[in-house]
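Dear colleague,

I am handing over the structure we spoke about, and you will find it just below. After it I have set out, topic by topic, what was found.

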Amino acid sequence: GEVCTMINKKYVEFLPSMRGAEELVTQVEGLASNIDQLKAHIENEVQRDLNVAGAEFTELKQQLERDTLVLSVLKKLQEFDTAVKEFHSALLEEQYVAAAQQLEKARSSLRTLESRKGFELKVLKALGKELVVQTQNIIYHLWQEWQKLIVWKLPPSKGSSSLEAVVLSELHLHTVPAQDKDTAVPPVQAVLQALAVLGELHYKLKDFGHFLLQYILKPLILHPSLEPVSEEQPDVFILRFRSQELALDEASPMEVFDKIKLVFEVLQKCLLNVALEQPGEGRVTLAELLGELIWEELSDCLIHNCLVKSIPTNSSKLEQYKEVIKSTEEFEKALKKMQFLKEDTTALLKYACNVNSHFANKKCQDVIMAARSLMTSEIHNTVKITPDSSVALPELPDPGSGDHLKMHRASPLHSGLVNLGSESRLSPLTLSLPTCRISSSVQQLVQLAYHTLLEATASTDLCCLQLFNCVRDVFQLFCEVVPTYHRENLQKLPQLAAIHHNNCMYIAHHLLTLGHQFRYSSAGVLSSVAVTFVDLVPGFRRLGVECFLAQMRVQKGEILERLSSARNFSNMDDEENYRAANKAIKQVLHQLRRLGMVWQDVLPVNVYCKAMGTLLNTALAEIVTRIVALEDISAEDADRLYSLCRTMVEEGPQVFTPLLEEDKNKKYQEEVPVYVQNWMTFKELMIILQANLQEIVDQWADGKGPLAKEFSAAEVKSLIRALFQNTERRAAALAKIK
């Protein structure tokens, strides 16, 4: 019973919990079914709605972006429009800076619009055109204003740089504000600032700089007689010129610098001190901007037309040049103070300080120019030099620069007999030039070389070497210029060929000692390097000899040409033949006489005698050759040939007239056999023409007589056959000639 009761009790407890569990299961099943329905609903409907909403959102976003862009474009268009309107009203009120700034604003708006990709508006093109028109409009206004502020009064012949034209130029600066007008900004600043904003200032200043250089600054440098004058009136500053009558040919750099400084001071006062805001550069003064534009050309002009000319041509004046260097430095400082020059600009000063090098360059240039002018001057203006005429050359420096100098000056050239240590002695004339004539230009050329080397010894090392090389260049130039420049005359005129020959020998003579004389006069670089001109000597000798030999060939050719018209000296019994031969001989003698005269007192005597002897010998040898070749000489032929030969022997020596004094020429006429190689041959030929067979055989004397010395056996036999008829006596005589 108790057990039943327990079971009953448990059952009563179990039943509700089971029911509760069952209800729970039912609830869970209901919930699961709900979830399934919801899931199906989400999958089928909500997802679709979400997709639609997302697409709508994107579209709205794009719409917003488009609207924002349109809005910004409209805003920029409005900005452009406002800027252009404000530009117009500012321009009407002559507020140029404001107008220029508004125009730049409009330009920047337009740039922004043009940079928008995918948004090309047709209206932009029209706006661009409008901007260009308005820019030109304001530039025109500013240009008008500029022309009122800065007025050039130029001479009628604008391009002319003549003094008469230049002196009429004036510059009027209306840039100083009148006292009664109380303007916040002086008009000149407004105009320049507006141009700066528009980026046009550079072009305007370039024009102004060009005019300033052409009509004011350069004329002051180029015309020493011009002086700048500034005149101040209530509302204008005037720059004009005054011309001094008694002006020097060249102004000193100090004077030129002062004049230019005065111009810049006036400009500084009225114009160049204006400070501007340069886009991208910050604040700058007009002076800086103008300086950048014109300083290079101005400094070039100052160097080439002022500093170059002031460089001394004499080393003794180099010391005084310090003044120029000092004033150059002050000039640059003054321009830097005005801000016209940047602090690191030193072109002028660098040039001035480099005076030693410029001095050497200028000196060398002057020497070369002078030398060239001497080389191209007439050869026939001559001076006579004699062994004892020491050229008018500079005495080398005094003992101040070393006693050893004078000692070397009295070199073997001047010190009488020179002891060679043995019994043999040199004559005082060993190293002298024989008496002859040389071109005065060549004497001057050698003097120029001496003076230049003298200058070199007093100069700095660098300058010294440069001048030494310059002298070498002068002599090398002679070898190039003279033979080319005077070619025709040297070929045609025997006298000039002779003078040129002497000129070359004279130069060669001086080149032998030129270097050594200066080695000892220089404590500097010349004493340590090989200062010599000896290497140039052979070239000069060759130059002289070749020219003279070419002339000799021409003369020989003429002699042979004349003798060729003598009909071979055959058949002299024919009047016409005899006349032709006689004429040929006379012409040759005339030619020799003329040469004897043109070379007289020109060539050294020994060269004269050798040259005349060679030419006379050419004539005699040709006559001998022609006569020996004759196959038949009648008695009358022989007489006439003899008389022709006698003319040559009598008149030939008379062409030797080396000296002006007639009586002194006898000696050389008697010495003709020494200079004419074929003289004795010719005399022997004359003997044969007059001799009988026995006399000829005696003259031959078994090959030991005078005749045998001059002619070969074959030649003598040939002459005997031509002169004598075929007899036994002739056969016997011929047998003895062997």
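A salt bridge is counted here where a side-chain nitrogen of Lys or Arg lies within 4 Å of a carboxyl oxygen of Asp or Glu. Please keep in mind that this is a predicted model. With that definition, a search of the whole structure finds 25 salt bridges, and I describe some of them here.

One of them joins Arg-240 to Glu-170, with 3.2 Å between the closest N and O atoms. This pair links distant parts of the chain, since Arg-240 belongs to strand E4 (residues 236-243) and Glu-170 to strand E2 (residues 170-173), 70 residues apart. Arg-240 is partly exposed, at a relative accessible area of 26%, whereas Glu-170 is buried, at 19%. Both residues also take part, together with Glu-231, in a network of salt bridges.

Another salt bridge is formed by Arg-437 and Asp-601, whose closest N and O atoms are 3.0 Å apart. Arg-437 counts as partly exposed at 22% relative accessibility, while Asp-601, at 12%, counts as buried.

Glu-650 is partly exposed at 48% relative accessibility, and Arg-646 is partly exposed at 38%.

Strand E10 (residues 436-439) also holds Ser-439, which is buried, with a relative accessible area of 0%. When residues up to four places away in sequence are not counted, Ser-439 touches Ile-379, Asn-381, Thr-382, Val-383, Ile-499 and Asn-503.

Turning to helix packing, helix H24 (residues 693-700) and helix H27 (residues 728-736) pack with their axes 10 Å apart and at an angle of about 5°, so H24 and H27 are roughly parallel to each other. On the side of H24 the contact is made by Leu-693, Val-697 and Trp-700, and on the side of H27 by Arg-729, Arg-730, Ala-733 and Lys-736.

Backbone angles deserve a look as well. Most residues other than glycine have a negative phi. Ala-701, however, has a positive phi near 50°; this residue sits in the loop between H24 and helix H25 (706-710) and is partly exposed at 32% relative accessibility. Phe-569, likewise not a glycine, has a positive phi of about 60°. Phe-569 is found in the loop between helix H17 (537-563) and helix H18 (575-598), where it is buried, with a relative accessible area of 2%.

A further loop position is Thr-346, between helix H9 (322-337) and helix H10 (347-353), which counts as partly exposed at 27% relative accessibility. Leaving aside neighbours within four places in sequence, Thr-346 is in contact with Glu-332 and Lys-336.

Finally, on the surface, Leu-38, Ile-42, Val-46 and Leu-50 form a nonpolar patch, with about 350 Å² of accessible area together. Ile-42 lies in helix H1 (residues 2-92) and counts as partly exposed, at 40% relative accessibility.

How values were computed
Residues numbered from 1 in each chain as written. Predicted model: local features only at pLDDT ≥ 70, side-chain atom pairs only at ≥ 80, totals over all residues. Heavy atoms only, no water. Patch = residues over 30% accessible without salt bridge, like charges linked within 9 Å, V, L, I, M, F, W, Y side chains within 5 Å. Areas by Shrake-Rupley, 256 points an atom, 1.4 Å probe, with all protein chains shown as cover. Helix = DSSP H or I, 4+ residues; strand = E, 2+ residues; numbered from the N terminus. Buried < 20%, exposed > 50% of the residue type's maximum accessible area, 1.4 Å probe, protein only. Axes fitted to C-alpha atoms, helices over the stretch in contact; angles between N-to-C directions. Parallel < 35°, antiparallel > 145°, perpendicular 65-115°, else oblique. Contact = heavy atoms within 4.5 Å.
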